[in-house]
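Student: Could you take me slowly through one part of this model, the place where the two chains meet?

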Amino acid sequence: MNIDNWMPVFVILSSLVPAIIIFLLNERQNILRTIINMSAAFIKIALVGMMTWGVFHERNYIMHFPVVPGIEIIFRADALAMFFLILSAGLWLLTTAYAVGYLEGSPNRRRFFGFFSLCVTSTMGISLAGNLFTFFIFYEMLTLTTYPLVVHRGTQKSLEAGSTYLRYTLSGGAVLLIGIVWLHVQTGTLEFTQGGYLNHAAGGHAVTLTIIFALLIIGLAVKTAIIPLHGWLPAAMVAPAPVSALLHAVAVVKAGAFGIVRVVNNVYGVEFAATLGVTMPLAFVASATIIYGSFKALFQDDLKKRLAYSTISQVSYIVLGVAIAGPLSTIGGITHIVHQGIMKITLFFCAGVLAETLGIHRISEMRGVGRRLPMTMAAFTIAALGMIGVPPTVGFITKWYLGIGAIDAGQTWVLAVLGMSTLLNAAYFLPIINSAWFIKQSGDWPEEKKRGRFFETDPWLLFPVLIIACFTILAGILAGEFFSPLEWAKLITEREYR
Amino acid sequence: MQEIITTAPWGALMVVIPLAAAAASYLFPWRSALMAASAIAFPAAFYSLALLARDVWVSGAVRYRIGGWGSPLGIDLFADGLSILMLFMTIVVVMAASIYSSFYFSGDVERKRSFWPLWMFLWAGLNGVFLSGDVFNLYVTLEVMVIASVALISLKGGREALLSGMRYFLVSVLGSLSYLMGVAMLYGSYGILDIGALGRTIGPDPAAQIAIVLIVTGLLAKTALFPLHFWLPKAHASAPVPVSAALSALVVKAPFYIILRLWTDVFSHDIISHAGLMLGVLGSVAIIWGGVMALRQTRLKMLVAYSTVSQIGYLFLFFPMAGSSDAFLGCVYQALSHGLAKASMFLAAGNLIKALGSDLIEDLRGLRQRLNISTFAFGLAGISLMGLPPGAGFIAKWQLLKASIETGQWWWAIIIVAGGLLAAGYLFPVLRNIISQSQDPVECAKVPFGMEAAAIVLAVLSLVLGIAAAVPLSLFRTALL
């Protein structure tokens with residue numbers, strides 16, 4: 001038995017087993033639950049770290065389980081998988097810590113943390129999936145495990161949001177399933193291959209392959225929240241803040257975007273997809289989503305809703321970068337998987353701190369909040385500037401690579417999209433920053449709770465925010481170092497175009 | 001297909017053990033005696049099944065002649081991979097439901113007394129169907145099963161249970177008559193009852209065609225395929241909970257098993273050209289109709305029962321694609337996964353109803369954090385019924401989808417997917433009501449742990465079968481090729 005091949009399984013088990021233990025624990029065993037949760041998160045990071053080192057040195061981690069004659073569950077760690085894996089493992093740790101603070105004293109915490117761990121397990125499975133079959137299994141598992149989190153509060157509004165969420169994602173899953181099965185019948189294989197495995201497919205299938213591509217992308221676009229399939233995302237805002245953070249930064253929308261990257265790069269192959277003529281429409285839809293999301297965000301007063309529309313816009317950068325079909329823009333798109341993740345999770349964490357500490361939910365209530373919560377709002381400001389694309393934050397790196405990638409591929413119209421999006425981003429983020437720091441507080445906070453004695457708020461909430469905000473700057477400043485997301489994205493792309 | 005004639009009586013034991021248990025529970029109806037009887041019967045049956053499975057694994061199919069007489073005079077028992085899977089599903093469901101029943105009927109001396117003999121009798125009948133090698137034997141065992149079921153449905157007493165039991169009985173008798181006439185015609189034309197021998201001699205003459213129509217129609221009424229499903233929801237919903245589980249999971253599968261067996265082994269394609277397509281269409285209508293009706297139910301057990309109407313439809317998608325081995329695997333796996341998941345769901349629903357003292361879906365809102373295990377079981381079983389991974393139903397639907405695209409009959413794919421979404425549509429509101437916060441939670445009755453455990457074990461098994469599908473499916477590689 002080769003221990004390397006079992007590593008992906010261990011990574012998945014490192015959150016699956018805790019989930020089962022948590023469900024078996026008593027609702028009141030809070031401390032034990034937190035200990036199990038946190039240590040599992042650390043173990044996972046250690047495992048992922050070991051694997052990252054291995055993948056960098058081109059070691060193989062691959063595991064096969066036959067399921068049905070001709071179909072296998074395959075786990076494999078390649079560079080792209082590791083990219084998503086590091087993001088999920090890292091943010092799982094921070095989000096768990098944050099959620100412990102956020103949910104203190106509230107009911108049903110066992111159910112919450114149990115499904116939370118299952119949700120991360122699904123993300124792990126999605127990143128490590130070695131073929132579309134495995135990918136689909138975990139993709140659907142993600143839908144099922146996030147549903148209880150979305151409806152966690154059990155209020156009428158959250159139940160309705162949950163139903164909307166299911167309607168969208170299950171229908172998307174059904175379309176995706178048809179696409180995958182059809183592809184399997186057409187080609188006899190579903191295994192992800194560097195550079196795609198359809199590039200040598202015989203001609204004549206072109207129409208069929210185009211239809212299958214459309215089915216796959218439509219199925220994935222629901223979770224990615226590409227217009228017009230984005231309707232569930234703003235509704236799902238009623239979920240508790242750690243859930244929104246996870247949904248927007250790692251789990252759901254990222255799973256969709258990651259799937260699109262896989263389909264374009266490792267199933268169809270960038271070049272073959274371009275010759276089929278399917279990448280251009282995808283780039284157009286992504287661009288439309290970028291503009292539409294930013295535009296809608298302008299008019300939201302609810303902070304989480306504004307962030308939600310911002311997510312719709314930002315996630316499509318990933319899709320756009322991949323769809324432009326050039327190496328530089330691919331780097332930009334892939335690196336945004338991590339960049340968007342760390343920026344967006346900071347913003348949602350801050351929104352959660354505002355709601356939990358001062359009862360603030362609306363932007364109009366945020367006047368002068370910078371004085372009361374300086375560290376939180378500093379983190380918020382950094383992440384917001386990153387979203388706009390101000391150097392030296394990570395957001396700038398993404399936009400830079402998307403821009404030069406577009407020029408490189410001869411798609412100069414993309415620059416206009418980027419420019420317009422940047423302006424809109426500035427238009428909906430700068431007023432928040434302005435009113436938080438430079439306008440005086442008027443009246444009392446909506447609902448001030450005493451959280452935390454030594455700091456401005458509960459340290460379980462504050463420290464995750466500060467840590468992750470540091471990454472927004474560090475990953476930007478150190479983008480040239482070999483361990484940065486950018487360099488890793490370059491490595492992925494290099495192996496892709498090799 | 002290679003088959004060997006064996007002298008090892010493992011198959012016969014599978015029928016004898018339940019019959020002995022039935023007799024024992026009739027003669028000694030005390031709790032300790034019942035416990036002792038099941039402590040012997042279930043392990044013994046498992047052991048026999050394991051040895052039978054080993055023989056089938058080695059040789060593909062086995063035949064056992066009771067009393068040393070061969071057909072056409074004697075009784076032949078026959079088993080292949082399909083029989084083994086059905087027997088396995090039966091023993092698992094019967095065992096879980098037995099554990100459930102031991103709590104469900106406790107304190108109800110009179111019903112308990114009639115329940116156990118009938119229950120074991122039902123098990124014997126089911127095993128008999130799955131082991132029969134000739135068409136007349138199938139008739140006899142099917143009747144044993146039906147009589148036991150009708151008695152069990154009516155056990156609950158009350159007008160509704162008696163009425164729906166009676167209705168089921170009438171439909172079943174008519175179905176049996178139709179089946180028996182078909183068998184008589186076949187016997188008149190060919191003088192053979194053995195399935196294997198019939199398959200080799202039957203030809204495309206009118207008598208055979210009429211016989212087949214009679215046989216299949218009779219069985220369709222018993223398996224409750226649309227539009228002959230009208231008796232099912234009430235009968236399944238008004239029976240005692242463990243009986244509902246067995247009816248939905250096992251009893252409707254028995255007549256289907258006979259259709260499937262005859263279709264693959266006896267009826268060749270030139271005898272029945274468009275019948276496959278027709279069954280497929282009826283199956284599709286059943287999927288949609290059952291799903292839509294389930295959406296409209298306000299009572300939990302009726303919802304679960306209508307879901308059975310819908311899920312049975314999937315089984316019939318095999319017939320228009322009968323040439324594809326993927327379709328065969330998908331169909332059999334659907335039978336298996338639905339068996340485990342539906343039994344689990346009925347048991348879980350029974351627990352929820354017992355706790356609430358009401359079977360209205362709306363009232364589930366009042367349930368507060370008492371029945372986590374049953375809720376989980378309901379959810380896990382639901383995953384399998386919706387055809388989502390990692391449930392066993394996902395593997396079934398994957399195979400059926402693949403078959404429909406392979407054979408170019410893509411329209412079935414749309415039905416399969418739509419049926420899955422409908423299932424999500426009627427199952428999630430139940431879960432949603434459980435999660436939702438109610439202003440006035442009601443006082444819940446206690447549910448014994450054994451009743452919850454029975455439900456969750458079946459649900460987990462339906463997931464395990466989804467992940468470890470390779471093992472059961474490999475039984476067919478020897479059986480089919």
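Tutor: The area buried between chain A and chain B is about 3000 Å², where buried area is the accessible area (1.4 Å probe) that two parts lose on being put together, summed over both, and carbon and sulfur atoms give 78% of that area. This is a predicted model, in which local features need pLDDT of at least 70, side-chain atom pairs count only at pLDDT 80 or more, and totals for chains, interfaces and linings use all residues. Residues are numbered from 1 along each chain as its sequence is written, chains are lettered from A and ligands numbered from 1 in the order in which they are written, and side-chain values use heavy atoms, with hydrogens and water left out.

On the side of chain A that touches chain B, β1 (62-68), α4 (109-128), α5 (132-150) and α6 (156-187) of chain A each supply at least two residues; helices (H or I, at least four residues) and strands (E, at least two) are DSSP runs, numbered from the N terminus. The most comes from α6(A), with 14 residues. By type, the residues on this side divide into 24 nonpolar, 7 polar and 4 charged, with Ala, Val, Leu, Ile, Met, Phe, Trp, Tyr, Cys and Pro counted as nonpolar, Asp, Glu, Lys and Arg as charged, and the others, Gly among them, as polar.

Counting contacts (heavy atoms within 4.5 Å), 35 residues from chain A and 30 residues from chain B take part. Between chain A and chain B there are 0 salt bridges, a salt bridge being a side-chain nitrogen of Lys or Arg within 4 Å of a carboxyl oxygen of Asp or Glu.
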